[in-house]
Amino acid sequence: MTEPSGRRERKKAATRQRIADTALRLFLERGYDAVGIRDVAAASDVAVTTVFSHFASKEALVFERDQDFEQRLTRAVAERPPHEPLIPALHREVQALVRHCLAEGSAPVRRMIEGSPALREYEESMSLRHAQALAAALAADPRLPRSVTACRATARFTIDAYALACQAEDPEATVDEIFRMITAAWEATAP
């Protein structure tokens, strides 16, 4: 994630992080459904409006790294070296994202998400949004002469690779297997 440069930006980022950390702590202690936005605001020592100025919804508090996830994937496309093939760059980035998802301490958060219909629904809508952003990055790259359909399918499979790996017994092998399929499909769509 990009570090804020000015004092005001750093202060806003610190407030955002404090709110997110407090919300997650409360959700894990009391249960997601038992905690309201007012509880998060009070425990964070901010106004409810401040919470909503940083997060669009209660669900967004759980997925506070959402924008970073999307940016990492789109940067893997746009900022890869000129002669680096696309699929290995995406593969590496998804592996790194999966390692983060499975880092120590992430299991309780994953269980909370799986146990909440609202969080599962939010996660699915977030995944669709990430796939759309990645598809747009793929379609915009002049080095990737593929159809819109090929870009959309590749983006969706990439996002699904992450989701499936985070729930797999062997996440790394799962990502590798899915990326073999993605590679074959991408190569099949070459002009």
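How far apart do the end C-alpha atoms of residues 13–73 lie, and what share of the span is helix? The end C-alpha atoms are 22 Å apart, and the span is 75% helix with 0% strand. Please keep in mind as you look around that this is a predicted model. Below is a short tour of that span, of a helix pair and of one aspartate.

**The annotated span**
- An unreviewed UniProt entry carries the annotation "domain: HTH tetR-type", and that annotation covers residues 13–73.

**Where α1 meets α2**
- Helix α1 takes in residues 7–30 and helix α2 residues 37–44; their axes come within 9 Å and cross at roughly 120 degrees.
- With that angle, α1 and α2 are oblique to each other.
- The crossing in which α1 passes α2 is right-handed.
- On the α1 side, the contact is made by Arg18, Ile19, Thr22, Ala23, Arg25, Leu26, Phe27 and Arg30.
- On the α2 side, the residues in this contact are Asp39, Val40, Ala43 and Ser44.
- By type, the residues of the contact of α1 with α2 are six nonpolar, two polar and four charged.

**A closer look at aspartate 141**
- If you follow the chain to the loop between α8 (117–140) and α9 (148–166), you will find aspartate 141 there.
- Aspartate 141 has a relative accessible area of 8%; this is under 20%, so the residue counts as buried.
- Leaving aside neighbours within four places in sequence, aspartate 141 is in contact with Val77 and Arg80.

Methods
Residues numbered from 1 in each chain as written. Predicted model: local features only at pLDDT ≥ 70, side-chain atom pairs only at ≥ 80, totals over all residues. Heavy atoms only, no water. Helix = DSSP H or I, 4+ residues; strand = E, 2+ residues; numbered from the N terminus. Buried < 20%, exposed > 50% of the residue type's maximum accessible area, 1.4 Å probe, protein only. Contact = heavy atoms within 4.5 Å. UniProt positions renumbered as here; feature names shortened; annotations may be inferred. Axes fitted to C-alpha atoms, helices over the stretch in contact; angles between N-to-C directions. Parallel < 35°, antiparallel > 145°, perpendicular 65-115°, else oblique. Left-handed = near helix turned anticlockwise from the far one by under 90°. Nonpolar A, V, L, I, M, F, W, Y, C, P; charged D, E, K, R; others polar.
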